[in-house]
Amino acid sequence: MLSSRAAQLAWMMTLSFCVLILVFDLHKIFHMPSRIILVGGDTAISVVPKIEKVATSAAPKKEKVANNSSSLPDSSSRLSDNPTQNQNRKFYSQNSGVVALSYLIHGPPMRLRIVVENALKFAEDSTLIIMHISTPPPMFDKADPDWTWICETNRTSPRLFVNPTNYPVRGFTGKVLHTHLLNFEYAKALRAFDYFVFLSDDCTFHRRGFEDWIRQHRLSFSLGFTAERDYDLDVWRAEIKKNVNNGNFSILTEERVLNEDRYYTEKIMGSGLYQKLGRKGLWHLQVDPKERFINHYQLEGSFYPREVIQRFSDLLDSTGLRKELPEVPYFSGEIWIPCYILKHEVNIILHSEFVPAVIGRYRDFKIENCCVVGPPTLYNLVHDPRNLHATAYRSVFGIKYQRPHLEAEYGILYQRLCLNRLDCAKALPYRDWLDVDKFHVFNCTRNASVNPESELEALTQQSWVEVNQIEGGSKHKLNKRCRICLFEIVTERRCRTRQIGIPNVEEPTLVEKVNAEVFAKCSPVCVR
């Protein structure tokens, strides 16, 4: 009798175990992260489950925290008069945490691929790369080799995910921040991550290690712009903590109001929306126009703990501001998030070793409180950082070329073509290079066997060899404008020759004739 009951009990336990296994397998099947299949030229975008190739060291899911609270100790534990007292206090592991990169990209597939490849090259294997493409995929030619590469990489890579939403992003409006938040929601549906980084398609990384830097510092923050970064990070941070701890934001009032920056005082702080945002609780409500301030720093390369962006997003949803965000007529991402952090996340500011954004904005001339300035500093940042002694330069892992405004391929070509060239430390020779736009204007044909930056680099170098040969036969030294003109004409001729199959021009008489034609086209700027 006992043996019969034991057998029955054993049979029931075995059946229960099998049911559990079946339920677990079904859970895995129906909860796999989804991935879009992009097919250029077709109108439909299908969604299929993606099987992860490699396991990632995703951190455990964070507890949900109320909008106006922080996961750090209570903010009532303020700093003492010595703002550096608690700087070394750690609340998080420095060696864990998945980073999610949020890119907004647009343009021809050749440029899109350059951005994607730069991210894949410099990011860790565990980093999540989210790309939002403003151009609807059906507008792309499915035979384009770079679009084919993007589709295949999106389908197979465990790191790259193209957002299935195509939102019409427009610069200098709330649509930018709105679309980044779409990327944030998409990233959450894919896998666990701990840090969210804002990026654009004109940013290029030039060195690795930004994930460890982000894990170490947890937060990018500043009062106003982070200037040239030619300062000591600890001193800079301590001064900001002291002002935040004392509620002293006069530096922000002085930066915009007292300097009579009309764009800010009228379009941003002088609008009804400004006071509405204060009443809704996004930032400090200020009635007196003479005391108004906003916190404002760059969006590209700024990074935050996932839970901070979640609380920011929740506040926008609960107040109805999320619906108004796309129509905001200014760069809301550079203002709304910094102002939110200053009002709602003071505790994290005071108890973290925050740093500037991991992307440095570059300008070729100095303006107040802005940017990495000048070719010598740029050259050292990208090619020889040992020459830069200020610790804040260590926070720069990539560049956005703001003035002159250059696209991603220029950042790649600067890394490749200016290596060990001291003349690049004197001037940024971007006019000497072939970019994606000229590649298409000149009707160049893509060589599908090489990646875009390699093709642009090769065409640039080959064209300059020919320009130098032409100059060698000239009786006069050619000026810069003339050489640039020759470079463009020679490059265009090389592309058209390759495309339509003109015989190789090696005979001296034909070379002389072709060179004469080149000079004729550039004669207005050439010295003969």
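In this model, Met110, Arg113, Ile114 and Glu117 of helix H2 (residues 109-122) are in contact with Pro452, Glu453 and Leu456 of helix H17, where contact means heavy atoms within 4.5 Å. By class, this contact has four nonpolar, no polar and three charged residues; Ala, Val, Leu, Ile, Met, Phe, Trp, Tyr, Cys and Pro count as nonpolar, Asp, Glu, Lys and Arg as charged, and the others, Gly among them, as polar. The model is predicted: local features need pLDDT of at least 70, and side-chain atom pairs count only at pLDDT 80 or more, whereas totals for chains, interfaces and linings use all residues. Residues are numbered from 1 along each chain as its sequence is written, and side-chain values use heavy atoms, with hydrogens and water left out.

The axes of H2 and H17 (residues 452-472) lie 9 Å apart at an angle of about 110 degrees. The two helices are therefore roughly perpendicular, a label given to angles of 65 to 115 degrees.

H2 also belongs to a right-handed β-α-β unit with strands E3 and E4. Right-handed means that, with the strands pointing away from the viewer, the path from the first strand over the helix to the second runs clockwise. E3 (residues 99-105) pairs with E4 in the parallel sense over six bridges, pairing requiring at least two bridges found by DSSP. Within this pairing, Tyr103 has Met131 of E4 as its bridge partner. E4 is also parallel to strand E5 (residues 160-162), to which three bridges join it; here Ile129 stands opposite Leu160.

In a regular strand the side chains alternate between the two faces of the sheet. On E4, Leu128, Ile130 and His132 on one side and Ile129, Met131 and Ile133 on the other are all buried, that is, under 20% relative accessible area with a 1.4 Å probe, protein chains only.

Definitions and conventions: Buried < 20%, exposed > 50% of the residue type's maximum accessible area, 1.4 Å probe, protein only. Helix = DSSP H or I, 4+ residues; strand = E, 2+ residues; numbered from the N terminus. Axes fitted to C-alpha atoms, helices over the stretch in contact; angles between N-to-C directions. Parallel < 35°, antiparallel > 145°, perpendicular 65-115°, else oblique.
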